[in-house]
Amino acid sequence: MSIITITPSTHKPAPAPKLLVSRDCGPSGCAVDWLASKRVEADLDIEEFNRFAYEKGWGDGLPLIPPTEGRVRKFLAENDRYPDEIIALLPPSNADCTVEKIVINAVMAGAPTGSLELIIAAVQAVADPDFELYGVNTTTAPVFPAFVVNGPIRQALDIPFSYGCFGGAVTSAAAIGRAIRLIMRNVAGQVAGVTSQTTFGSPGRISGILLGEWEEKSPWLPLAERRVGALGNAVTCFGAMGTMNILDTTSQKPDHFLEMIGKSLVFPGGNCFSPSMPFGEVMVAINPICAEILAKDMPDIADVQERLWHHASVDAEWLQGLHRDQLQAQGRIRADGRIYLTPEPKDILLFVAGGLGGLHACAMHTFGSSLAQTRAISGVGVGAG
Amino acid sequence: MALGKVLDPTASNDHDDPSPGPDAGHLVGKRIGFRIDQIWRSWDWIADIWAEKLREMGAEVSFWRSCGRSGAEGETMNAELKAWLGTIDMAIVGLANCGSCTGWTIRDAIASANSGIATVAVATKNFEEFAHVMAARGGRSGLRVHVLPYPLNECERADVDRVASDYFNGLLQVIGARQMAQMSAA
C-alpha cells in the first residue's frame, strides 16, 4: 500500500431544486394542508412542553420552543420552499429530511426564519457521501459537523467571524447550529448510546460550531471560492473533533508562525495519524493579524499550505511501536522517515477569522474519512429574520 | 394547562426485511469470503485461523479489505465490494468493534445479504446491541450477528488465537452451516 491522496468522488447527489413560490398559505393555513408531520397534543406551557419534549427524546436538554403549526407555517411562509421537498437522506436513519422537518427543528431551536437556506445548504453538504455522515454519526469519536460561512449572509444573520467567533459571541449562529444538531438527532437519528457510540461526545454536539470567515480582513480569496469557486453566500462543513488553540507570543517572521502552528498540529492520537483512517484533512483559522504577516511573504495561500504542511509531520520513530508498525504496513511512512498530517498540502484548509488581538490560531482536527464539503447557499428567503 | 398541537420533529425509515437470508448449508466447495478492515489486527488473526479451518472443510476462501469509504477511494471500495460479492457464496463480515467500524461492517453485511448470499456480521460483545440497531436501521433487522468477547483487540496474540478456536463452532451455527457429519445423518 502507499499514500492515498484525497480525491473527490465522481458521483455527486443532485442539489435540491430551488422553487419560486411557497405552497404554504401563511400562519393561518389554507384549504390544502401541505404539512405531513404527525400532530401531537401537548401542553404548550413552556415548562410543561419542555418536560414533554424531554420525555419524547426530541431535544438536547436545553429549552425548546414548541413547534406549533402557527410557528412552523410562519417560518415556511417567510421562505420560498415547498415543505414536502426532500433535501437529503440522512444516515444512520436514512429517513427523508424534508423542508418541513428542517423547519420544525429550526423553530424548536429558535433559529431565525432567514436562516432556512443556510440550514438547507448545510444539510446538503453533510449529506454528500464524501462527508461520510454515516461514520460521523455512529463513531466512538466526538466528531460533529462544523460550518464556516462565506458571503453577505454572515452580516444578514449576524454570524460571527471576529471576537469569540467559535463560541461565546452573542449571535443567532448558536440557534442555527443547534437547529442542525436537532436535525441530526430527530431526522438522522443520531442518539448517543443508541446509534452513536461516541465515547465522550463534545460540547459541539449541542449547538455545533457555525462561524463566518472574516473575508474583509483576509488577504486571500474566501474559503468557498478557493474550494469550489462559489461566489457570495456559501457554507463549508468540516467533520471536527473539537477546537485546538495554538498560542504564539514570540514569532516574528511568517515561517516562525507556520512552524509553530504546524508543529502544534501533530500529535499521535490525532485521527490523521490513525491506522483506521487512510487520510484526513485539518482546518485552521488564522487570525487577521497573522494572516496579514503571512500574506506579505506568501500572497498565494497555496504557499502557506505548502510550508505549513512541511512543519506538520512527525518522525515515525517517535510513535509507539505497534502504532508505527500498522502505519508502516499501510505505506504511510515516507522516504524521509516521517508521517505527514495530511496526504498533501492542499488538505490543510485555511481561513481567516478571530479577533484583532491576534496571538492565537484555532485548529479543528478531522475524523478522517469525512471530507470537507462546500455548498453555495440559494437566495435567502423573503423573511429577513 | 394550555393544550395544543405541535408537529412531530422526528423522521424514520420504516422499511425492513426481517429475514436473516439463506443458510450457508454444506460448506464443501463453497466460496467463502472474509471482509476484513485496516484497523483490527485481532480480526486479521481470527480471519486467518477461521479461513484455514474452512479450507480444511473443503471451502475456498477469499479476503476483501475495506479501506477508505469516502472520495474516489470510497468509490473504488464500493466497486470492489460489489465485484467481490459476486465471486462468493457466503460472507463473513467484520469487525464491529467500534462505532463507525460497526456501522460500516453492518452496512457491508447488509449489501452482502441483499445480494442474496449467506451472510454473517461479526461483532464484539460491547457492540452487539449496536450492530442489531444498525442492521434494523439499515432495513435488515434479521441480519445474523456472531458475537466475540470484548475487549478483543487489546489481547495478546495467543489469547486472540484461543478466541478464534473457541468461537468457530458458534460461527457455523449462526450462519447455518451443515458439516459432513450432519449431512450424513440427515
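These notebook entries record what I looked up in a predicted model with chains A and B.

**Conventions.** I number residues from 1 along each chain as its sequence is written, with chains lettered from A and ligands numbered from 1 in the order in which they are written. Because the model is predicted, I take local features only at pLDDT of at least 70 and side-chain atom pairs only at pLDDT 80 or more, while totals for chains, interfaces and linings use all residues.

**Sheet of chain B.** I found an open sheet of five strands in the order β4-β3-β5-β6-β7, with parallel pairing. Strands are DSSP runs (E, at least two residues) and helices likewise (H or I, at least four), numbered from the N terminus; two strands pair if DSSP finds at least two bridges between them. At the edges I noted β4 (60–65) and β7 (144–148) of chain B, each pairing on one side only. The twist averages 25° from one strand to the next, with axes fitted as lines to C-alpha atoms and angles running from 0 to 180 degrees between N-to-C directions.

I then followed β3 (residues 31–36) of chain B, which pairs with β4(B) in the parallel sense over six bridges. Within β4(B), B:Phe63 is the bridge partner of B:Phe34.

**Where the chains meet.** I read that 58 residues of chain A are in contact with 35 residues of chain B, contact meaning C-beta atoms, placed from the backbone, within 7 Å. On the chain A side, β1(A) gives the largest share, five residues. I also saw β1(A) run antiparallel to β1 (residues 3–7) of chain B, joined by five bridges. There, A:Asp43 stands opposite B:Leu3.

Methods
Two residues are in contact if their C-beta atoms, placed from the backbone, lie within 7 Å.
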